[in-house]
Amino acid sequence: MIKESQAKNEAQNIGFKVPNINFIGNRNIAFAVAGTFILISFVALLIRGLNFSVDFAGGTELQVKFDEDVRSEIGKIRQVVSNLGLGTPEVKLVKAGEAEGTEMQITVKTQGDGTSVRDKITTAFNQDLQGKKFVVLRGETVGPKVGKELQSDAFKAVLFSILVILAYLAFRFKYPYGIASVVALTHDAIICVGFFALTGWEFSIPVLAAILTVVAYSINSTIVIFDRVRENIGNRALDKLSFEDIVNKSVNETLTRNIITTASTLFVVLAILFVFLASGNVLENFAVTLTIGFIAGTFSSLYIACAILVLWNKKWPIR
């Protein structure tokens with residue numbers, strides 16, 4: 001009874017009443033929604049695959065700065081790079097302004113020598129963009145072997161983080177809590193990866209970092225709910241409630257906190273996303289991944305993780 005009062009006081013102190021939403025009762029709808037998104041993600045991965053960046057696929061990446069604003073000629077610049085036949089080129093605007101000039105990122109996915117690629121591009125610019133002064137700010141080349149190794153390392157990093165989380169929750173709570181949490185955060189990661197397969201947007205190391213951030217965010221939100229579940233199971237005043245009712249009650253008691261935390265986090269991420277989209281910055285994919293992941297993570301914490309816990313309890317009682 002004391003813990004129930006504390007939960008109410010926590011919500012009321014920040015201007016909200018403890019809601020009474022039947023999250024667990026709507027689990028079939030939640031499973032259908034989640035299953036649809038996961039199915040779309042897998043189909044997109046099988047049909048379209050991922051558009052790996054130079055970090056994973058290998059190739060050369062140059063950062064070029066023109067002394068003047070050449071945004072009106074970006075189509076011609078793309079054509080100049082394409083005409084070189086170096087592989088799969090991509091020219092992306094990084095920053096532009098009449099006073100500060102124009103910065104562009106030129107990515108060429110090729111197995112050719114990085115120095116040769118750089119020389120061919122600068123020579124072509126000198127010949128075809130006469131009168132346009134530019135300087136190469138940086139140039140990076142990743143070999144195809146290193147790219148494959150990075151792909152493998154990225155997969156191992158995600159798998160290792162999931163196993164560590166599973167082990168921690170099995171130790172901190174009970175094994176079923178760990179299983180439910182891992183299923184939920186796996187759902188979040190698949191949704192993020194599926195988005196990039198569906199849209200064809202570039203999957204880069206910053207995107208991988210964003211997915212790992214989403215995994216950490218999602219598990220934090222789930223742990224808050226599970227901790228309340230464990231507290232309520234030990235509350236003798238709630239002995240007459242079924243396990244399903246206790247889980248539903250726990251989700252509602254922590255709902256205000258989760259919504260406020262998610263909203264405040266999303267405000268920051270959306271602000272970053274707006275700035276990057278407006279300027280065409282190469283890190284826009286990072287902010288997009290966080291936005292999708294935080295929404296998917298909140299959904300999975302409220303509906304997927306708790307529903308799996310209830311289903312597990314029906315087969316192998318936890319309480």
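## Aromatic pairs

Rings of Phe, Tyr and Trp, the last taken by its six-membered ring, count as a pair if their centres lie within 6.5 Å. In this predicted model, that rule gives 15 aromatic pairs.

One of them joins Phe66 and Phe125, with 5.9 Å centre to centre and 45° between the planes, a tilted arrangement. Phe66 belongs to strand β2 (residues 59-66) and Phe125 to helix α5 (residues 114-128), so this pair ties together parts that are 59 residues apart in sequence. Phe125 is buried, at a relative accessible area of 1%, and Phe66 also counts as buried, at 1% relative accessibility.

Phe66 also pairs with Phe134: the ring centres are 5.7 Å apart and the planes stand at 45°, so this pair is tilted. Phe134 lies in strand β5 (residues 134-142) and Phe66 in strand β2, so the parts tied together here are 68 residues apart in sequence. Phe134 is buried, as is Phe66.

## An aromatic cluster

Phe52, Phe56, Phe195, Phe196, Trp201 and Phe203 make up one aromatic cluster.

## Packing of helices α6 and α7

Helix α6 (residues 144-172) packs with helix α7 (residues 175-199) at an angle of about 150°, and their axes are 7 Å apart. Angles over 145 degrees count as roughly antiparallel, and α6 and α7 are therefore roughly antiparallel to each other. Their crossing is right-handed.

On the α6 side, the contact involves Ile162, Ile165, Leu166, Leu169 and Ala170; on the α7 side, Tyr175, Tyr177, Gly178, Ile179, Ser181, Val182, Leu185 and Thr186. By class, the contact of α6 with α7 has ten nonpolar residues, three polar ones and no charged residues.

Key
Residues numbered from 1 in each chain as written. Predicted model: local features only at pLDDT ≥ 70, side-chain atom pairs only at ≥ 80, totals over all residues. Heavy atoms only, no water. Axes fitted to C-alpha atoms, helices over the stretch in contact; angles between N-to-C directions. Helix = DSSP H or I, 4+ residues; strand = E, 2+ residues; numbered from the N terminus. Parallel < 35°, antiparallel > 145°, perpendicular 65-115°, else oblique. Left-handed = near helix turned anticlockwise from the far one by under 90°. Contact = heavy atoms within 4.5 Å. Nonpolar A, V, L, I, M, F, W, Y, C, P; charged D, E, K, R; others polar. Phe/Tyr/Trp six-rings, centres within 6.5 Å; stacked < 30°, edge-to-face > 60°. Buried < 20%, exposed > 50% of the residue type's maximum accessible area, 1.4 Å probe, protein only.
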